[in-house]
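Please open the model in your viewer and keep the selection panel at hand. The stops below go from the whole chain to single residues.

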Amino acid sequence: MRSPTQRDLDNRTIDDLLAPVLGANVAEAAELSGGGYAAVWRVRLTDGRDVVVKVGPPASARLLRYERGLVEAEGDYFRLVRSGAPGVPVPEVVHVGADWIATTLLPGTPLTEITDTTGVREQLGTAVAQLHRITGPHFGYTGDRPRADDWPTAYGRILEALLADAADWDVPLPPGIGELATRHAANLATVTRPALLHFDLWDGNVLAVDGRLTGLVDGERYLWGDPLLDLVSPALYHRIEDEPEHPFLRGYTAATGLVLDDAARTRLALYRVHLHTLMLAEGPSRGIPAGGERHVRLTGLLEDELRNL
């Protein structure tokens, strides 16, 4: 089922976007599945080029506070990676328009469609370690979205915005989330360098061919902060610190020397709270009603993390 934030496009609409700026028409086009925010199409142009076109939500769509300007943010992310970590495979930005973006098409299949992913996950850990060497100008998001000069404040503002989103949509959340940034400020304050974070490293955003990592896509949710935040989504619904042989963790640790001490484990729990809160808050905007199976599962995970914290 199409999310309310995804536009209903066709070949003619895409041709109207691309032809004036790329100098070629659409020869073939097909919508790609897997995401729930924007409409994404694979396009072959009449000059032989293959591109991916992502079109943001319609103006009428209600979005979460941090989702303002995500299409433009994705263009920024890919440019940052290509200049600061050229060994990491991300698309080249072809054009950024008014709430749409065209990029080159990367080879590969999402990990969601691959059986043996161990080697690719280890390569992903190594690649993400390279991304984390890129340092930003502040903590949090870009533009007028939640950000700050220090990580505890940025983390707190990010949670505050999600709690406000949940309240706007009448999404029930367990108590205690709003006080976490203050309670754990000393631990969060040990993060003093804002690293480039992809944030959304679930299997659908990782491409591979024949056991080789070939692409990281959907970088629009990037932010600057604690590198540990990027260890949450590669182990979605799990605690990666409890899986020392997890291939992503193995690759990342080999590249960084990471030690998951008690302070790091606490921050990982804080970042799972962030992710689960976000996933709950975004449900209604994606047409997923509160109270369903997904909501119940995420609420249970969130309550577990809050109890442990």
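This is a predicted model: local features need pLDDT of at least 70, side-chain atom pairs count only at pLDDT 80 or more; totals for chains, interfaces and linings use all residues.

Residues are numbered from 1 along each chain as its sequence is written, and side-chain values use heavy atoms, with hydrogens and water left out.

**Whole chain.** The C-alpha atoms fill a box of roughly 55 × 45 × 40 Å along the principal axes. With 309 residues, a compact globule would have a radius of gyration near 19 Å, and the 19 Å of this chain agrees; the radius is taken over C-alpha atoms, and the globule rule is 2.2 Å times the number of residues to the power 0.38. Of the 309 residues, 52% count as buried (under 20% relative accessible area with a 1.4 Å probe and protein chains only, whereas exposed means over 50% and partly exposed lies in between).

**The sheet.** Next select β6, β10 and β11, which form an open sheet in the order β6-β10-β11 with antiparallel pairing; two strands pair if DSSP finds at least two bridges between them. Because β6 (109–110) and β11 (212–216) each have a single partner strand, they stand at the edges, and one side of each is left without a neighbour in the sheet. Strand β10 (residues 206–209) pairs with β11 over 4 bridges, and the bridge partner of Leu-207 in β11 is Gly-215.

**The rings.** Now show the side chains of Tyr-77, Phe-78, Tyr-222 and Trp-224, which ring pairs link into a cluster. Rings of Phe, Tyr and Trp (its six-membered ring) pair if their centres lie within 6.5 Å, and planes under 30 degrees apart count as stacked, over 60 as edge-to-face and the rest as tilted. The whole structure holds 9 aromatic pairs; one of them, Tyr-222 with Trp-224, is edge-to-face at 6.1 Å centre to centre and 85 degrees between the planes. Both Tyr-222 and Trp-224 are buried.

**Last stop.** Finally, select Asp-304 in helix α9 (residues 293–308). Is Asp-304 buried or partly exposed? Asp-304 is partly exposed, with a relative accessible area of 30%.

Notes. Helices (H or I, at least four residues) and strands (E, at least two) are DSSP runs, numbered from the N terminus.
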